[in-house]
Amino acid sequence: MEWKGGGPPESADMAKIAEAMGVPPEVIFQDPDSHNTHQNAVNVRKILDAKNIKGPVLLVTSASHMPRSLGVFRRQGIEAIPAPTDFLVSQQELEELQGTWQARLLNILPDAYHLHKITQHLKEYIGGGVYRLRGWM
């Protein structure tokens, strides 16, 4: 199934980055077949069982997606250590909130960037609810 234009699986890109950071290739296992978090957790469970890996795994995903991901992986019986990335607040944004009243006023006005971030968070809240209803978390 083609998802959002296809292309190489995200796992291949992440494996290259992990190797570039010094992770030995023999300890990197990829799941190029999943299309959502639930499928990913199910496939990772199969990989761990096939490789007889019992210990904890490092779960790397965006900070906003981590609660749902962690719940789904734990539901599959996977002991995962959360390693959130892609935090949505920068030091510059925090400093802007402490700037002049004009800067604070401009910061509360709606813009496309903040609408995008609200959409991402709504997706996670709705996704969490759907995953709970389906018994995936």
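## Burial and surface

Of the 137 residues in the chain, 23% are buried (under 20% relative accessible area, with a 1.4 Å probe and protein chains only). The model is predicted: local features need pLDDT of at least 70 and side-chain atom pairs count only at pLDDT 80 or more, while totals for chains, interfaces and linings use all residues. Residues are numbered from 1 along each chain as its sequence is written, and side-chain values use heavy atoms, with hydrogens and water left out.

The accessible surface of the chain is about 10000 Å², and carbon and sulfur atoms hold 60% of this area (Shrake-Rupley method, 1.4 Å probe).

## Fold and dimensions

Six helices and two strands make up the secondary structure of the chain (DSSP runs: H or I of at least four residues for helices, E of at least two for strands). Their order along the sequence is α-α-β-α-β-α-α-α.

Along the principal axes, the C-alpha atoms fill a box of roughly 60 × 40 × 30 Å. Among contacts with a separation of 6 or more, 50% join residues 24 or more positions apart (contact: heavy atoms within 4.5 Å).

## Aromatic pair

The structure holds one aromatic pair (Phe, Tyr or Trp rings, the six-membered one for Trp, with centres within 6.5 Å; planes under 30 degrees apart are stacked, over 60 edge-to-face, the rest tilted). Y131 and W136 form this edge-to-face pair, with 4.8 Å centre to centre and 90 degrees between the planes. Both Y131 and W136 are buried.

Technical notes: Buried < 20%, exposed > 50% of the residue type's maximum accessible area, 1.4 Å probe, protein only.
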